[in-house]
Amino acid sequence: MKKITILDRVLLLATGLLAAYQIVSEGEGLSSFTVGCYTVAFGTLLVAGLVLIIMGFEGLKNKAVVIVSTLIPLSLSLGLVSENASRFTWAYGIFAVVGLLLISITRYSSTGKFATIILAVVHGTAGLIIFLLPILLSVQGLKPAGYSLVGVGGALIGVGGLLLAFLRAGKPLLSERTILSILPLLLLLMTSAFLIGFSFS
Amino acid sequence: MEKHKKLSKQFKTKYFPLIKSLQTGLLLITGLAGYMSARCPVHNIPVLLGLTGSLLFSISGSTALNMWYDRDIDAKMPRTSRRPLSTGETTPREALIFGLLLSLIGTGWAFLLDPLFGVVIFAGLFFDVVVYTIWLKRRTAWSIVWGGISGGMPVLAGRVLGIGRFDWIGIALALAVLFWIPTHILTFSMRYHQDYQAAGIPTFPSTYGNQTTRVIIASSSVLAALSMGLAGYGVGMTWGYLRLLAVLSAGLLVLAVSSMTKPSERITFGLFKYASVYMLSSMLLIFAGGV
């Protein structure tokens, strides 16, 4: 497995600091539930970044990585839905909880097609919401144009999450070395896009 | 100039390793956080300098005295066998004088600054050197409780200096450090259990087994997180900072539980390092959140 470099650590630390800033600064005018969802998303990102800095990419060998890499987009998309399309919060919340449970169960009990399908459906749905919802809101003029950067972050998290999830699921889309080489930069770009985008909301 | 260079080199090789700079730095930060939890932004620079100097000297002094007393067991453990007292770079007499001198300057400065602050600093030094190192460390695994109490003294001292008396927030901050110590020390003693065994030092892993030790680590992590959260609330941290503290605490708990359910050396050492990052971050949050 690729050894973590100093540059990787610096990029991950910057990601963690940005995520920490977002956790501290978010909250104005949002419901507790929405803030809770965003806190889970950025908190998972922060802790995952710290664990990677400490343990290196070896930390990604854990089966729980698939669950963690799903928790970030699921909680972020749930936060976006509750903030901007609150009437769907319950329905999407149930989808998110059931999706996370199914992924957790299939990670430890099944490695077949079913596990991969579940992973793709849950990740794909969450990724599409994070990508499309902010852009739609910006296009409709309900949010400033800069808010669409959250969608850019969504596209990046979708790419990163899928790469990691499929890597851990044993069906890598790119070589492990390539994924690990781009992962820290991808995480930093994604977090930066989220931060800048959310600052427009 | 040549003499100055020689002295500087001598300090670097003979004395600096005696003060465990990272550990001393972390404890110093807890002391500063304790003070700033009550006095931030700081307007009294001389007091801040006095706090920093007295803590730095007394913590460094007690660490040097510990090394002086433990030089025989340090020589038996591969991890510590390259320390200057084990290699002969520093003589026991030099280490003793260095440790006593730093301790005297540190506690003396602390008493001059504020007698109550001085009492807490002296108590920390006494618990660490006399009770923990000299009396209990070689007798019982439970000695770490006293090590933990002395570890909690700098933050308590800082708080006492800030408000001029003891209060529940200072106690909660000290408890957070006390409960954090097992996570820090026990993960370390699990990793280096053979070293400790070779030196005949009783540890939790050697006395109660690894699984019991992991349960203790997880339990103490929960208590450390709760105490830190309580202290954070007490110092008036905003919800944003409290959320961040909760996130960092959750990371500590997840790693502690993982080390219990899926034990491996990698997780254990990851937890050890994360615990240090956690304490440093929490104290920085106490700084920032107290503003």
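This is a predicted model: local features need pLDDT of at least 70, side-chain atom pairs count only at pLDDT 80 or more; totals for chains, interfaces and linings use all residues.
I take helices (H or I, at least four residues) and strands (E, at least two) as DSSP runs, numbered from the N terminus.

Residues are numbered from 1 along each chain as its sequence is written, chains are lettered from A in the order in which they are written, and side-chain values use heavy atoms, with hydrogens and water left out.

**Surface patch.** I looked for nonpolar patches (residues with over 30% relative accessible area and no salt bridge, nonpolar side chains joined within 5 Å; areas by Shrake-Rupley with a 1.4 Å probe). One of about 480 Å² is formed by B:Phe111, B:Val119, B:Phe122, B:Phe126, B:Val130 and B:Ile134. Helix H7 of chain B, residues 115–136, gives the most to this patch, with five residues, and B:Phe126 lies in that helix.

**Interface.** I then looked up the contacts (heavy atoms within 4.5 Å) and found 15 residues of chain B touching 17 of chain A. The buried area (accessible area, 1.4 Å probe, lost on putting the two parts together, summed over both) is about 1400 Å², with 78% from carbon and sulfur atoms. On the chain B side, B:Arg243, B:Val247 and B:Arg266 lose the most area to chain A, together 41% of what that side buries. Helices H13 (239–261) and H14 (265–289) of chain B each supply at least two residues of the side touching chain A, and H13(B) gives the largest share, eight residues. That side divides into eight nonpolar, three polar and four charged residues.

**Salt bridges.** One pair I noted is B:Lys137 with B:Asp70, at 2.8 Å, N to O. B:Lys137 sits in the loop between H7 and H8 of chain B and B:Asp70 in the loop between H3 and H4, 67 residues apart.

Technical notes. Ala, Val, Leu, Ile, Met, Phe, Trp, Tyr, Cys and Pro count as nonpolar, Asp, Glu, Lys and Arg as charged, and the others, Gly among them, as polar. Patches are made of residues with over 30% relative accessible area and no salt bridge: like charges are joined within 9 Å, nonpolar side chains (Val, Leu, Ile, Met, Phe, Trp, Tyr) within 5 Å. A salt bridge is a side-chain nitrogen of Lys or Arg within 4 Å of a carboxyl oxygen of Asp or Glu.
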